[in-house]
Amino acid sequence: MGPPGAGKGTQAKTLAQKLKLPHISTGDILRQNISQNSGLGQQAKDFMNKGALVPDELVTEMLAQRINQPDIQNGFILDGYPRNINQARALDEMLKQRNTAVDLVIYLDTSEPVIIQRLSGRLVCSVCGANFHIENMPPKVNMTCDNCGGKLYQRTDDNAETIKKRLQVYLKESSPLIQYYNQRQKLHSLSADEDAEIVLNKIVDLAKEYRDSYKV
Ligand code: ADP
Ligand code: ZN
């Protein structure tokens, strides 16, 4: 978890590849639904463009369907959910029914100037969803994905006004999750202002430490 622009998507995708686990991003699933113009997409679109949260019932139902698929047997990297206490309780309940629980919550602590710089220069692949950045992680070929050759685009919610709103929503709705997971001894904080590679190494170390302690 962490504010918009913390690098959740970038880090979660790479971590999922490294650990050979599926990456489940509620933001990505919502954007897919919007581009396919599904019923869910139509319901979610206005909330997302305003920088507001999509109603809990919609997102929670969407997540419940996703984690019913067989590929999550060995675990998964969850990105963008929960975003408020209500969703955190729903997640705990969903996992409990499957005799499992959240292992580790990684909080990417990020300062406001870094957030604004990252979001205003972010580019996303329209095909595979990979993230790039105009300055920090430029693609090799202009507006083209290094991984799959897909066309890159700027998210409609990555504009100054919506970014401001998303930050407000984060502070009000999502930041109480820090305390929620801290109380449950799940929370691990790290500074995410550094370059993506440095942050990734810190996350991988945390994940390994956790796995090793779990094996004993
Ligand atoms: P970011 O973390 O950079 O804001 P995301 O792709 O995670 O980007 O989310 C984009 C938007 O999708 C959010 O502003 C919100 O409208 C919606 N969204 C994603 N996940 C959730 C969620 N768990 N609950 C409610 N809305 C969500
Ligand atoms: Zn791509």
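Predicted model: local features only at pLDDT ≥ 70, side-chain atom pairs only at ≥ 80, totals over all residues.
Residues are numbered from 1 along each chain as its sequence is written, and side-chain values use heavy atoms, without hydrogens and water. Local features need pLDDT of at least 70, and side-chain atom pairs count only at pLDDT 80 or more.

**Ligand 1**

Around ligand 1 there are 19 residues, each with a heavy atom within 4 Å of the ligand. Thr-26, Arg-31, Ala-52, Gly-80 and Gln-87 come nearest. Helix H2 gives the largest share of this shell, four residues. Helices here are DSSP runs (H or I, at least four residues), and strands are E runs of at least two. The table lists polar contacts, pairs of N or O atoms within 3.5 Å.

| Residue | Protein atom | Distance to a ligand 1 oxygen |
|---|---|---|
| Ala-52 | backbone N or O | 2.5 Å |
| Lys-8 | side-chain N or O | 3.0 Å |
| Arg-122 | side-chain N or O | 3.4 Å |

Taken alone, ligand 1 exposes 550 Å², and the protein buries 96% of that. These areas come from the Shrake-Rupley method with a 1.4 Å probe.

**Second largest pocket**

This pocket has a volume of about 530 Å³, the space filled by probe spheres set on its grid points. Of its 23 lining residues, the closest to the centre are Asp-28, Arg-31, Gln-32, Ser-35 and Tyr-153. Lining residues have an atom within 4 Å of a point on the 1 Å grid. Strand E1 (23-25), helix H2 (26-35), helix H3 (39-50) and strand E4 (122-125) each give two or more residues. H2 gives the most, with six.

Key. Chains lettered and ligands numbered in written order. 1 Å grid on protein atoms, 1.4 Å probe; cavity = no way out; pocket = protein on both sides within 12 Å on 5 of 7 lines; lining within 4 Å. Polar contact = N/O pair within 3.5 Å; in protein donor to acceptor, adjacent residues only side chain to side chain.
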